[in-house]
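The following note sets out several points for a reader who is new to protein structure. Please keep the structure in view while reading.

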Amino acid sequence: MIVVAGEALIDLVPQGTGALASLQPALGGGPYNTAVALGRLGSPTAFCSRTSRDAFGEALLDRLRRAGVDVSAVQRGAEPTTLAVATIDAHGSAAYSFYVDGTADRLFTAPAELPEGTRAVSFGTCSLVLEPGASAYEELLRTAAGQGVFTALDPNIRAGLIPDADAYRARFKSWLPSVSLLKLSEEDALWLGGTPREWLAAGPSAVVITQGGDGLTVFTRDGSVHSVPGEKVDVVDTIGAGDTVNAALLHGLSARDALSAEALAALGADGWTQLLRFAARAAAITCSRAGAEPPYADELDG
């Protein structure tokens, strides 16, 4: 079982240009998209979050169930669902503004235990910023790592939600001793400061950096660096691409029985190259269609 912990929300995606363009609601949130992608790839997956009992909350859970994701660990509340208003630029890249005050996912509390059979837990995005839930997710991260569970972190920076950048950067560094696999975009890496080597020295066994259409690069504890190019595709938008990479990496590592520091170290150049190519192909499929629509396993066969 791979557990994905974090927010589920509604993306309001413009259907045209200008501030008053019509908005189409879409199910989203970085961790949520990762859970859906894992389920579609066929990995046994559970979602750990807190969602509203409103109509949006019901729709979010229904899509998880259709993807085969276990939602028994999801907490529920009467508060509204978080909204994220997306803006798409000429290259298909998405930027967001958020409506988060008093929403259900901010009131997440750390569970007493992880689902039975948990081999990995994935964290990231808004859930590690917005209090009081952020401290609860942080507690879960440290607890899972302390129990020897493989942990993955994608900070997926949303700068508009971070009131004190220096405080967040310090907090990010404090998480690293509890992180097995760190994945982040080039843009996130620049915003956070530091280098893959500095982050590796603090705890993770591997750091994967995504470079948009230019591909992916992994830095490992033994000093190795492995890169693959991006898959060529006609980009509709990039919504959910990074989340698909998260899922593909975790799915591939699970399939290789490599959800441990020792197994990551043993992957070698061939293992990492195959895994990164798989993730690049999965992300390209997501970019080729509107919204966060990650691929199913049969779309990646071969």
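1. A residue counts as buried if its relative accessible area is under 20%. The model discussed here is predicted. Ser122 has a relative accessible area of 5%, so this residue is buried.

2. Ser122 belongs to strand β9, which covers residues 120-124. When neighbours within four places in sequence are left aside, the contacts of Ser122 are Val3, Val4, Ala5, Thr34, Ala152 and Leu250. One of these, Thr34, is 88 residues away from Ser122 in sequence, while the C-alpha atoms of the two are 8.6 Å apart in space.

3. Strand β9 is part of an open sheet of eight strands with mixed pairing, in the order β4-β1-β9-β10-β11-β12-β13-β14.

4. Leu182 has Val207 of β12 as its bridge partner.

5. How do the helices α3 and α4 pack, and at what angle? Helix α3 (residues 133-146) packs with helix α4 (residues 165-175) at about 20 degrees, and their axes are 11 Å apart. Because angles under 35 degrees count as roughly parallel, α3 is described as roughly parallel to α4. Ala134, Ser135, Glu138, Leu141 and Arg142 of α3 make the contact with Arg171, Ser174 and Trp175 of α4. By class, this contact comprises three nonpolar, two polar and three charged residues.

Key. Residues numbered from 1 in each chain as written. Predicted model: local features only at pLDDT ≥ 70, side-chain atom pairs only at ≥ 80, totals over all residues. Heavy atoms only, no water. Axes fitted to C-alpha atoms, helices over the stretch in contact; angles between N-to-C directions. Helix = DSSP H or I, 4+ residues; strand = E, 2+ residues; numbered from the N terminus. Parallel < 35°, antiparallel > 145°, perpendicular 65-115°, else oblique. Contact = heavy atoms within 4.5 Å. Nonpolar A, V, L, I, M, F, W, Y, C, P; charged D, E, K, R; others polar. Pairing = 2+ DSSP bridges. Buried < 20%, exposed > 50% of the residue type's maximum accessible area, 1.4 Å probe, protein only.
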